[in-house]
Amino acid sequence: MSVYTPLSLEQVQAFAEPFGLAVLELIPIQAGIQNTNYFLRTAQQQDYVLTVFEELDTAGAAELVPVLDCLGQAGLPVAVPLKYQGQAIHRIAYKPAQIAPRLSGTHPDLATIEQIQTIAIAQAKMHLTLQDFALQRKFYRDHAYWLEVAQQLKPQLNSADQAVLTQLLTQFSAITQQHPNRPSGWIHADLFRDNTLFQGNTLQGILDFYELHRDEWLFDIAISINDFCSDLSNFALNQQQADAYLAAYQTVRVLTVDEQACLAIYLAMAAARFWLMRLQVAQKNAVQGRSGEDILQKDPLQMRQMLQDRLNRIDA
């Protein structure tokens, strides 16, 4: 992720030693927008990921550890954090941090049908595995949170963007009231291609659970379809890929009739969620003076373009 907390090799070596790791090399990861991450290379030629949590306190960062333990026990490919003294979260540079194994594979640039089917099945398994998981999160950016963000950012948008946001919120309210049977559970909420690792068509890793919260499963599905099943030149939906995603997901959990009726508006809402997130991050970086080559700031206009495509499909 973006490097907000610079660390020296000596600092990291001291932090990693109680885990039984002798770190030889420290490599900043310049991707993502929330936490600071480094690759660690050890004397045993094993690779790990050091995550420094920028917005969570120690208790908040530790909330996800039992979730990853649970998913790992269920056979899903996740990086279960290392522990010493029974704890995974410790502090470096006055911030909570963890070390987890670096999973193999690469992020797919253009997802194949097989990769799309594989991640859809894994997502459905995650939903059912965590359905009754006992967890209370302090960090909670659910759908209600993003509706509030939308209202906060709306006055700062130009007239065209305000009109699009108003159209989205009006249609979303109307359609979801007509179709209320939309089950909820714990969702990843950020299952993009760059949070997955594949070797060929084999899923090797699911990353970045920091947006995990209880919400509608359909919202999670829409987020992933938008990223895995879009034409990256113009962000238009690839219907063949989206159909493959839904068919694969439903081999594990069948969508309700109401979920199917709401999918189109959820694809639009999911695009809006990340449009707003990127606008929000850009504002925060500007206020805090965050800049430079180690700070990744994703383009909000990409998600704005996707939002328009999804709304056009509803109106067609």
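Me: Before we look at the sheet, what makes two strands pair?
Reply: Two strands pair if DSSP finds at least two bridges between them. Keep in mind that this is a predicted model.

Me: OK. How many strands form the open sheet, and in what order?
Reply: Five. The order is β1-β2-β3-β5-β4, and the pairing is antiparallel.

Me: Which strands stand at the edges?
Reply: β1 (23-28) and β4 (90-92). Each has a single partner strand, so one side of each lacks a neighbour in the sheet.

Me: And how far are neighbouring strands turned against each other?
Reply: By 35° on average, with direction ignored.

Me: Over how many bridges do β4 and β5 pair?
Reply: Three, in the antiparallel sense. Strand β5 covers residues 95-101. Arg 91 stands opposite Pro 96 in β5.

Me: Which helix lies across the sheet strands?
Reply: Helix α1, residues 9-16. It lies across β1, β2 (36-42), β3 (47-52), β4 and β5. Against β1, α1 runs at about 120°.

Me: Switching to helix pairs. At what angle do α7 and α8 cross?
Reply: Roughly 140°, with the axes coming within 10 Å. Angles over 145 degrees would count as roughly antiparallel. α7 and α8 are therefore oblique to each other. Their crossing is right-handed.

Me: Which residues make that contact?
Reply: From α7 (residues 217-228), Trp 217, Ile 221, Ser 224, Ile 225 and Phe 228. From α8 (residues 239-249), Gln 241, Ala 242, Tyr 245, Leu 246 and Tyr 249.

Me: Now α6 and α10. Is the crossing left-handed or right-handed?
Reply: α6 passes α10 in a left-handed crossing. The axes come within 11 Å and cross at roughly 50°. α6 spans residues 159-178 and α10 spans residues 300-315.

Me: What's in the contact there?
Reply: α6 gives Ala 160, Asp 161, Val 164, Gln 167, Leu 168 and Gln 171. α10 gives Arg 304, Leu 307, Gln 308, Leu 311, Ile 314 and Asp 315. The residues of this α6 contact with α10 divide into six nonpolar, three polar and three charged.

Me: Last one. Arg 273: buried or exposed?
Reply: Buried, because its relative accessibility is 2%, and the cut-off for buried is under 20%. Arg 273 is in helix α9 (residues 257-288).

Me: What is Arg 273 in contact with, leaving aside neighbours within four places in sequence?
Reply: Arg 141, Trp 146, Ala 189, Glu 211, His 213 and Phe 219.

Conventions
Residues are numbered from 1 along each chain as its sequence is written. This is a predicted model: local features need pLDDT of at least 70, side-chain atom pairs count only at pLDDT 80 or more; totals for chains, interfaces and linings use all residues. Side-chain values use heavy atoms; hydrogens and water are left out. Helices (H or I, at least four residues) and strands (E, at least two) are DSSP runs, numbered from the N terminus. Buried means under 20% relative accessible area, exposed over 50%, partly exposed in between (1.4 Å probe, protein chains only). Contact means heavy atoms within 4.5 Å. Axes are lines fitted to C-alpha atoms, for helices over the stretch in contact, and angles run from 0 to 180 degrees between N-to-C directions. Angles under 35 degrees count as roughly parallel, over 145 as roughly antiparallel, 65 to 115 as roughly perpendicular and the rest as oblique. A crossing is left-handed if the near helix is turned anticlockwise from the far one by less than a right angle, and right-handed if clockwise. Ala, Val, Leu, Ile, Met, Phe, Trp, Tyr, Cys and Pro count as nonpolar, Asp, Glu, Lys and Arg as charged, and the others, Gly among them, as polar.
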